Amino acid sequence: MSVSGYQGKKSIPHITSDRLHIKGGRIVNDDQSFYADVYLEDGLIKQIGENLIVPGGVKTIESHGRMVIPGGIDVNTYLQKPYHGTTTVDDFYQGTKAALAGGTTMIIDHVVPEPNQSLLTVFEKWHEAADNKSCCDYSLHVDITRWHEGVKEELEVLVQDKGINSFQVYMAYKDLYQMTDSQIYEAFTFLKGLGAVVQVHAENGDLIAQEQNKILSMGITGPEGHALSRPEELESEAVFRAITIANQVNCPVYISKVMSKSAADIIAQARKRGAVAFGEPITASLGTDGSHYWSKNWAKAAAFVTSPPLSPDPTTPDHLNALLACGDLQVTGSAHCAYSTAQKAIGKDNFTLIPEGTNGIEERMSIVWDKAVAVGKMDENQFVAVTSTNAAKIFNLYPRKGRIAVGSDADIVIWDPDKTNTISAKMQKSALEYNIFEGMECRGSPLIVISQGKIVSEDGNLHVHQGMGRFIPRKPFPEYVYQRIKTRNRVMALQGVSRGMYDGPVHEIPATPKYTTPAPSAKSSPAKNQPPPIRNLHQSNFSLSGAQIDDNIPRRSGHRIVAPPGGRSNITSLG
Amino acid sequence: MSYQGKKNIPRITSDRLLIKGGRIVNDDQSFYADIYMEDGLIKQIGDNLIVPGGVKIIEANGKMVIPGGIDIHTRLQMPYRGITAVDDFFQGSKAALAGGTTMIVDHVVPDPGASLLEAFERWKEWADEKVCCDYSLHLDITHWNDSVKQEIEVLVKEKGVNSFLVYMTYKDLYQMTSSELYEIFTFLGEFGAIVQVHAENGDIIAQEQARMLEMGITGPEGHVLSRPEELEAEAVFRAITIASQTNCPLYITKVMSKSAADIISQARKKGNVVFGEPISASLATDGTHYWSKNWAKAAAFVTSPPLSPDPTTPDYLNSLLASGDLSVTGSAHCTFSTAQKAIGKDDFTQIPEGINGIEERMSIIWDKAVVTGKMDENTFVAVTSTNAAKILNLYPRKGRIAVGSDSDLVIWDMDAIRTVTAKMHNSVAEYNVFEGMELHGAPSVVICQGKIVLEDGNLHITQGMGRFIPCTPFPDYAYKRLKTRRQMVVLRAVPRGMYDGPVSDFSSLSRGGTPAASARTSPTKQTAPIRNLHHSGFSLAGNPAHQGAPTEETPIRPAGRRIVVPPGGRSNITSLS
């Protein structure tokens with residue numbers, strides 16, 4: 001663990017930390033743990049094994065049997081989210097510093113364009129800001145805040161040329177970001193074609209808007225109104241709807257910010273039915289609950305405001321940790337979006353104006369360790385899976401990230417399961433003046449953090465400089481997500497029934513119907529003529545539906561159905 | 001059947017009837033007793049009744065005597081794009097009586113934009129002229145605005161309508177958005193009405209229909225392929241969520257799939273006031289027939305939501321009906337002739353939707369649920385009659401055999417076996433979706449308004465003999481719990497000191513509008529910072545932990561203290577916790 005002298009004889013003027021030798025550690029991947037040494041060079045893992053032959057002048061880290069794990073990947077951050085002209089106090093520099101201090105060596109940040117802005121322009125803006133400031137590797141999700149034809153071209157460019165493979169759509173924020181079910185259907189269809197991961201902010205925005213009006217008109221203006229106007233049923237409803245739509249389109253769906261037991265249960269049930277759905281609880285939902293919205297201290301209550309809100313049910317964190325441990329939820333993010341108390345106070349008279357976001361980028365790994373591993377819910381391998389490996393798999397970074405293996409990036413954390421930290425705003429790296437986990441004692445924390453083969457954090461001291469992080473482009477069609485989808489695409493092709501033309505009487509309808517047809521969409525699509533009435537004996541119907549009783553009884557083509565005027569014809573051969 | 005007493009009465013004065021030796025089956029108990037009826041009401045129940053002379057006696061010989069069935073969902077004479085369903089109120093109610101149903105509740109479907117009141121009067125006129133059994137009306141709300149609100153008020157307060165149906169499907173025609181549903185639920189909840197929902201996700205259906213047609217699937221199988229049962233379950237889930245937010249009772253019409261039924265039973269377990277109505281078709285047959293090579297047959301099954309292609313569905317729905325998770329049964333009887341269905345011969349989206357079942361409903365439930373041992377005879381009465389009467393606020397006038405109730409009775413022959421066939425049925429339709437099905441259990445005598453209308457297989461009816469039965473709002477069965485909850489669930493603000501710290505400047509002309517656009521229209525009252533020690537949080541949401549221990553925190557921030565944010569650094573205020 002401590003950095004002991006230099007191997008070899010040459011005197012090296014300063015630490016050339018691009019060559020590192022970690023000795024005596026226990027490597028923990030998501031599938032197994034084993035004792036081995038690791039040799040890093042040029043930001044990559046070059047050798048793993050015992051008695052490695054390494055060049056001279058290599059810095060050696062003695063880890064004394066401690067866990068050596070892949071660096072954490074925080075899949076959900078908002079490090080420069082603008083709100084009404086202000087911007088989060090943690091920018092890419094402050095935020096990634098905090099990430100590294102907590103053992104996270106890669107973040108995926110959300111690009112949030114305003115609905116009228118070009119996705120590409122805003123993407124470039126985020127890219128530039130992150131390149132200048134980020135201290136760890138990063139990638140970007142792009143949020144689709146408005147759905148229209150022009151977006152499609154931009155999405156294609158983003159996927160094919162810019163290395164983006166994940167996009168978020170919103171079911172909440174009415175009249176701003178919210179999409180209708182039809183738009184979501186179209187967006188899912190399109191993104192699936194590109195091989196992207198579709199992320200959903202799942203809350204029913206229509207109902208929230210109604211509830212907000214109601215709550216405000218009752219005179220409730222404080223942060224408790226935020227939780228009251230966004231009950232967890234509205235989250236689970238939207239999750240259910242998102243999964244339903246995704247199933248229709250045969251598209252994978254990723255629910256960001258799973259905040260409540262009921263939403264998590266919906267995801268778990270859907271996965272059992274075979275849906276390709278992923279759920280991401282965040283630091284806050286795993287570590288605390290929504291009872292704090294009722295705090296008498298406005299500033300404290302406001303600090304917890306995020307959407308979907310934390311559930312007031314205090315058993316929520318336990319439940320979410322349990323689902324994370326059993327694999328029903330897969331990844332963890334922080335949704336770190338830090339607004340100062342003064343910024344939060346924009347909504348001091350109206351909770352709907354409070355900028356939303358909680359901290360958690362630094363605490364994420366420790367909280368999962370403390371709440372899940374230290375209490376025996378989860379083993380160390382699953383810990384690696386939910387903090388790093390699964391994220392790498394979903395976003396197509398595996399095995400470059402998320403695994404300690406030869407050839408992988410040298411993003412490594414030496415983890416001390418016994419070290420206890422007390423979370424406090426005084427000690428944190430974030431620029432915030434509060435911490436929603438204030439006073440929480442967490443077992444487990446990183447001793448040494450290595451990013452791109454360099455020691456960036458050691459005994460709590462950070463060695464970073466702005467802009468050292470790289471943008472990591474990602475390719476579409478991640479196997480972990482799309483393998484099943486591709487197979488289903490092949491086997492689930494629908495076919496019509498080939499039957500003789502109906503040649504019976506047809507009731508005449510007035511040429512101009514009194515009102516529109518029930519299915520207006522049908523009009524916009526070319527209603528191709530019926531397939532030719534060729535009897536195809538190989539024809540199979542929709543395969544999931546079971547056999548049809550009467551498939552073998554073709555209608556006699558010469559038989560006419562006669563409906564005498566005003567009476568019934570008692571045709572029993574119809575059965 | 002003979003006449004008691006000596007007077008020779010020229011014709012059957014069937015307004016005085018005595019049923020002897022029957023076993024009365026209500027939803028709560030069964031017992032042997034005689035029943036005496038007069039003037040359309042049940043006057044006496046018991047043994048050795050003293051009755052006037054000249055009374056017609058029916059010997060029940062130990063057979064079950066049950067309250068007449070109530071078919072809570074029919075669409076007789078329904079207009080659709082210039083055509084009309086072939087079973088009008090006469091044919092339809094005749095079929096109902098033949099099957100043991102003595103009351104129907106029909107749906108009024110105004111065109112979007114048309115007046116609800118006018119449509120109601122039109123339907124009532126049609127029905128009064130022709131209907132042979134008692135009836136009530138549901139109103140379908142096909143558009144939503146302020147004038148609709150006024151009409152609804154009149155309908156509830158003066159016209160005897162207490163149930164309204166809204167559609168979550170038929171995009172651009174009847175479909176309502178979530179916001180509209182929220183408003184309608186809130187509004188109807190205040191008037192004590194029952195909110196019925198046709199639950200299917202219309203947005204996605206429209207997309208799927210377009211996709212099917214593009215793929216060249218134009219036959220009736222396209223109907224079910226474009227309306228998979230997940231879309232039904234999704235809409236049911238959403239409707240329940242909205243009803244739970246607005247604290248309003250909810251009624252799901254036409255429960256057609258296992259997944260939708262599961263959602264309802266889960267919600268009931270969580271305490272939601274929600275009722276589910278499976279129909280004759282979903283209880284007896286399945287959606288495999290959409291793949292029939294016979295177009296006319298496949299088209300006969302077209303209804304929405306469609307029958308599920310999963311053949312285990314009817315069994316499952318009957319089980320939930322027996323266990324009480326589903327509450328009532330209807331038929332959704334809406335028959336179009338094959339020629340009318342053939343309007344959609346080249347495009348399944350044009351096929352008029354509807355299925356038969358008004359005559360078969362009671363026998364189907366007896367055969368599928370009671371004969372198989374899933375359900376007892378008392379639950380049979382509950383799901384075919386009593387529960388419907390309770391939801392419509394007609395109980396105990398309808399749905400029960402008791403002194404003072406309407407004399408709508410059925411003598412049920414549990415041993416009778418009938419084979420359903422279009423040849424024999426009373427509907428005008430030339431097909432029957434239950435064709436060939438052998439059903440145990442049939443009515444042997446049906447009494448409606450104290451008159452024998454079915455005896456020895458012969459119907460004695462005249463057009464227009466049915467009456468309109470007005471329903472009153474706030475049925476206890478649906479509203480009792482909600483009234484209590486409305487008193488309990490009072491949201492309160494947290495009394496806290498005014499926040500007096502620094503506030504960031506922010507551009508009021510935001511670039512993208514506020515995240516909560518709706519917030520601007522509502523008055524933002526500030527609560528007076530009075531400390532109320534009795535304050536309670538949202539009571540159903542689990543007690544927020546802080547409720548119990550508010551004293552642990554600094555209740556109000558010292559007024560003189562300012563939170564200082566030094567430029568560029570953090571101030572490390574830990575007292576914030």
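Me: Which residues of α13(A) are buried?
Reply: Arg364(A), Met365(A), Ser366(A), Ile367(A), Val368(A), Trp369(A), Asp370(A), Ala372(A) and Val373(A). Buried means under 20% relative accessible area; exposed is over 50%, partly exposed in between (1.4 Å probe, protein chains only). This is a predicted model: local features need pLDDT of at least 70, side-chain atom pairs pLDDT 80 or more, while totals for chains, interfaces and linings use all residues. Residues count from 1 along each chain as written, chains are lettered from A and ligands numbered from 1 in written order, and side-chain values use heavy atoms, without hydrogens and water.

Me: What makes helix α13 of chain A mostly covered?
Reply: Nine of its 10 residues, in the run 364-373, are buried. Helices are DSSP runs (H or I, at least four residues; strands are E, at least two), numbered from the N terminus.

Me: Why is Asn250(A) called buried?
Reply: Its relative accessibility is 9%. The cut-off is under 20%, so Asn250(A) counts as buried. Asn250(A) sits in the loop between α7 (232-249) and β14 (253-258) of chain A. Its phi is near 55°, positive in a residue other than glycine.

Me: Why does Ala332(B) count as buried?
Reply: Ala332(B) has 2% relative accessibility. That falls under 20%, so the term buried applies. Ala332(B) also has a positive phi, about 50°, though not a glycine. Most residues other than glycine have a negative phi, and most peptide bonds are trans.

Me: What is the peptide bond from Ser307(A) to Pro308(A), cis or trans?
Reply: Cis, with omega near -10°. Pro308(A) lies in the loop between α10 (298-303) and α11 (316-326) of chain A.
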